Amino acid sequence: MTVRGAHPVLAALASVASLLGLTTLVTTQTWFARMVWFVIVAVGVGVVVRRLTSGSAWLVVPAQLFAVVLVATWTYAGSSTWYGLPTLATARRFGVLFAEFGVTAAASSAPMPATLGVEATLALIGVALAILVDFLAVTRAAPAAAGLPLLTAFLAAAANSGSALPPGYFVAAALTWLILIGRHAQVGMRSWASVAARPMAPVSGSGLSTAPELRFGTIARRLGAIGLVAAVALPAVLPHLPPRYLLDGLARSADGRGNAKV
């Protein structure tokens, strides 16, 4: 029996949790609300396409991208559409917004101003990450591989913050990823056999009442909790390497100033 992919809602929650750290880089969080809405659209379209096509996985990502492009166009460039569809003017409008984000990020220290360009760019980056995680964890049934883009989102926030991120951001991202992996593993274990196994030797009643996947889940949760505690505690005692920033302006200066020319 083929093991199904991870649950799309869990994949979406993991993506949103990994992006929470980026909220420290912007003064207001309208971009995060927009991003959550775009993720809901992408996940909903993915669920519908998977249900209707029954196995045509290659249709999922294009359908999600098309839906997000439409919603983003209606949100940020509605006046440039032709009967609701994007045009060349729409592409130019988004080019202006992306350029505005680049200028703002290069000239500002964290948290940077929440301009329309910043809002649109971060919202689209967030939903693009969520679509990638959905593809890896749900379509390709590889939630462990989805940890790479999730980690990238967290590191982008950590590297560009003016100070250390609170541990809660890491715990939220790591915990949702572990739940994603654990849930997928339990579903996989249930698919290994279609009938319950019968022991060759007498066992106690408690041994019969505990399903193997439940015992597996208990062990996995304990190991995950130990790993989370270690990941939060070890940085306090290990030597730190010099930071490397992903954006030119954010968190570059120790006195809280960006690279703007005065």
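Which residues in α1 meet which residues in α5? In this predicted model, P8, A11, S15 and S18 of α1 meet L129, A130, V133, D134, A137 and V138 of α5. By residue class, this contact of α1 with α5 divides into seven nonpolar, two polar and one charged. The axes of the two helices lie 9 Å apart and pack at an angle of about 140°. An angle over 145 degrees would count as roughly antiparallel; α1 and α5 are therefore oblique to each other. The crossing in which α1 passes α5 is right-handed.

The chain as a whole contains nine helices and zero strands, and its elements run α-α-α-α-α-α-α-α-α from the N terminus on. Of the 262 residues in the chain, 35% are buried. Contacts between residues at least 6 apart in sequence were also examined, and 68% of them join residues at least 24 apart.

Helix α1 (residues 8-18) also packs on helix α2 (residues 30-53), and the axes of this pair come within 10 Å and cross at roughly 160°. With the limit for roughly antiparallel set at over 145 degrees, α1 and α2 are therefore roughly antiparallel to each other. Their crossing is right-handed. On the α1 side, the contact is formed by P8, A12 and V16, which meet F32, V36, V39, V43, V47 and R50 in α2. The residues of this contact divide into eight nonpolar, no polar and one charged. P8 takes part in the contact of α1 with α2 and also in the contact of α1 with α5.

Helix α2 has 24 residues, and the distance from its first C-alpha to its last is 35 Å, close to the 34 Å expected at 1.5 Å a residue. Its buried residues are W31, F32, M35, F38, V39, V41, A42, V43, G46 and V49. Among these, F32, V39 and V43 also belong to the set that meets α1. The cover over the buried residues of α2 includes α1, α3 (60-76) and α5. Just after α2, S54 takes a positive phi of about 45°.

Helix α5 covers residues 116-139; its 24 residues should span 34 Å at 1.5 Å a residue, and its end C-alpha atoms are 33 Å apart, which agrees. Of these 24 residues, 19 are buried, so α5 is largely enclosed by the rest of the structure. A positive phi also occurs just after α5, where A141 takes a value of about 55°.

D134 is placed in helix α5 and is among the residues of this helix that meet α1. Burial requires under 20% relative accessible area; at 2% relative accessibility, D134 therefore counts as buried. When its neighbours within four places in sequence are left aside, D134 is in contact with P8, A11, R50, V60, Q64 and T139. Of these partners, P8 and A11 are among the α1 residues that meet α5, while R50 is one of the α2 residues that meet α1. V60 and Q64 are also in contact with D134, and both fall within α3 (60-76).

Notes:
Residues are numbered from 1 along each chain as its sequence is written. This is a predicted model: local features need pLDDT of at least 70, side-chain atom pairs count only at pLDDT 80 or more; totals for chains, interfaces and linings use all residues. Side-chain values use heavy atoms; hydrogens and water are left out. Helices (H or I, at least four residues) and strands (E, at least two) are DSSP runs, numbered from the N terminus. The expected span of a helix is 1.5 Å times one less than its number of residues. Buried means under 20% relative accessible area, exposed over 50%, partly exposed in between (1.4 Å probe, protein chains only). Axes are lines fitted to C-alpha atoms, for helices over the stretch in contact, and angles run from 0 to 180 degrees between N-to-C directions. Angles under 35 degrees count as roughly parallel, over 145 as roughly antiparallel, 65 to 115 as roughly perpendicular and the rest as oblique. A crossing is left-handed if the near helix is turned anticlockwise from the far one by less than a right angle, and right-handed if clockwise. Contact means heavy atoms within 4.5 Å. Ala, Val, Leu, Ile, Met, Phe, Trp, Tyr, Cys and Pro count as nonpolar, Asp, Glu, Lys and Arg as charged, and the others, Gly among them, as polar.
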